[in-house]
Amino acid sequence: MTAARFTLLSIVGAACLGLASPALAKRTKAKSSGAKPTPAPTAAAKPTPASPSVDWQVVKVGPRDYLSVDNIAKFYELLGNVDSTGKTVVLNNGRNQLQLTLDSREAIVNGVRNWLCFPVIAQDKKFLVSRVDLAKTIEPQLRPQMIEHKGKIQTVVLDAGHGGFDKGVQSSFGSEKDYALDVVRQLRPLLQAKGLKVVLTRENDVFLPLQLRAHIANQTRDSIFVSIHFNGASNRDASGFEIFSLTPRGAPSTGDNALALSFVNMQAGSPVDAQSFELSACVFHSMLGHIPEPDRGIKRARFAVLRHTKIPAILVEGGFLSEKNDSKSVANPAWRAGLAEAISVGIENYRNVTEKKQRPMLVADYRAQDSGGITVVNLAEPPARLDGSAATPGIVPVSNPEPDPNKEP
Ligand SMILES: [Zn+2]
């Protein structure tokens with residue numbers, strides 16, 4: 001693919017693109033799960049025009065469907081700038097920011113790193129984003145208020161990774177299984193104080209098969225599932241937070257080679273893809289917004305607990321026990337209390353998105369709040385800081401992935 005210089009069409013603010021336009025909601029109802037519309041085009045369904053003035057123009061490249069960045073910009077009313085290399089485009093409308101790079105799976109969405117399923121490509125001087133990435137990764141974050149959660153979220157199923165003989169990753173200070181259990185124990189009262197019920201898959205240091213963890217989640221009505229882990233890597237310098245939800249159907253996981261075709265026939269995605277992804281985003285923004293850890297990104301994997309759960313499900317990796325500074329932080333009970341607090345706030349934000357249609361707090365909002373700068377009172381309003389300068393603090397290059405992506409975490 002030639003790195004053709006990208007030209008973004010001038011975008012005229014289209015007032016007709018109301019975010020919750022009833023016409024749009026009506027026209028996009030045809031999703032398989034019966035859950036409410038994922039309005040951007042899905043991998044399975046024909047794309048639905050957002051309004052009479054903005055049609056989705058699908059571009060077929062090889063076996064895959066793509067949408068042009070121009071098209072995406074128009075739909076979401078974003079204005080674009082291409083950087084001096086001609087390879088990175090930043091789209092912004094003051095409310096949402098999206099940074100895409102040619103030939104890369106790495107994207108920055110509203111200030112945090114995302115890993116797309118497929119690289120951004122160029123054709124006829126236009127940047128193209130795969131349809132699955134638009135529908136499953138970009139759309140839930142740019143229009144979280146469109147996500148419907150079936151019923152109210154009553155219960156959070158908290159899953160402390162590992163246990164018993166399965167110690168997980170070990171640092172010189174302790175074991176993943178113990179840290180994970182401590183975090184869920186600290187999370188429980190925080191969530192209860194927010195009016196949520198809490199179920200722990202394990203309360204003690206016992207071994208629990210992965211399937212059983214998912215079974216407990218699936219037996220719990222009106223719930224979401226949050227699995228807590230800590231990372232390890234042979235690269236002792238790898239550090240920071242990452243978070244996972246299930247890989248969409250027919251797409252590679254973050255750790256897979258996007259050009260390999262072996263993933264195509266892999267297991268189906270989840271009917272609650274968008275919910276799981278947005279839960280990931282809400283929790284990740286809160287973690288990074290409260291704790292100064294490197295942002296390794298929102299990722300995809302087919303881990304067993306994500307594969308077998310039928311409710312919105314995420315897996316949090318709360319730092320690397322194989323890295324000097326992370327392992328010291330994680331060994332500190334007060335630091336783990338901070339992590340539990342950050343996760344609880346992210347979960348509350350997700351509930352507010354799905355039930356009250358409140359815009360979730362973003363990493364820049366949390367940082368502004370913590371620094372005594374801006375206090376975001378009305379979450380339904382656009383975040384106060386989303387200009388280019390403030391939206392990407394702490395984004396430093398990371399190699400991806402460090403841990404073995406196809407191993408259970
Ligand atoms: Zn683990």
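In which handedness does helix 6 cross helix 9? The crossing is right-handed, a term for a near helix turned clockwise from the far one by less than a right angle, anticlockwise being left-handed.

Welcome to this predicted model, where local features need pLDDT of at least 70, side-chain atom pairs count only at pLDDT 80 or more, and totals for chains, interfaces and linings use all residues. Residues are numbered from 1 along each chain as its sequence is written.

The protein has 11 helices and 15 strands (DSSP runs numbered from the N terminus: H or I of at least four residues, E of at least two). Of its 409 residues, 51% count as buried, with 20 or more other C-beta atoms within 10 Å of their own C-beta, placed from the backbone.

Here are the two partners and some of their contact residues.

| Helix 6 | 273-290 | Glu 278, Leu 279, Cys 282 |
| Helix 9 | 333-356 | Gly 338, Ala 342, Ile 343 |

Residues are in contact if their C-beta atoms, placed from the backbone, lie within 7 Å. Helix 6 and helix 9 pack at an angle of about 140 degrees, with their axes 8 Å apart.

Now to helix 10, residues 363-370: 6 of its 8 residues are buried, so the rest of the structure largely encloses it. The buried residues of helix 10 are Val 363, Ala 364, Asp 365, Tyr 366, Arg 367 and Ala 368.

How values were computed
Buried ≥ 20, exposed ≤ 12 C-beta atoms within 10 Å, placed from the backbone. Axes fitted to C-alpha atoms, helices over the stretch in contact; angles between N-to-C directions. Contact = placed C-beta atoms within 7 Å.
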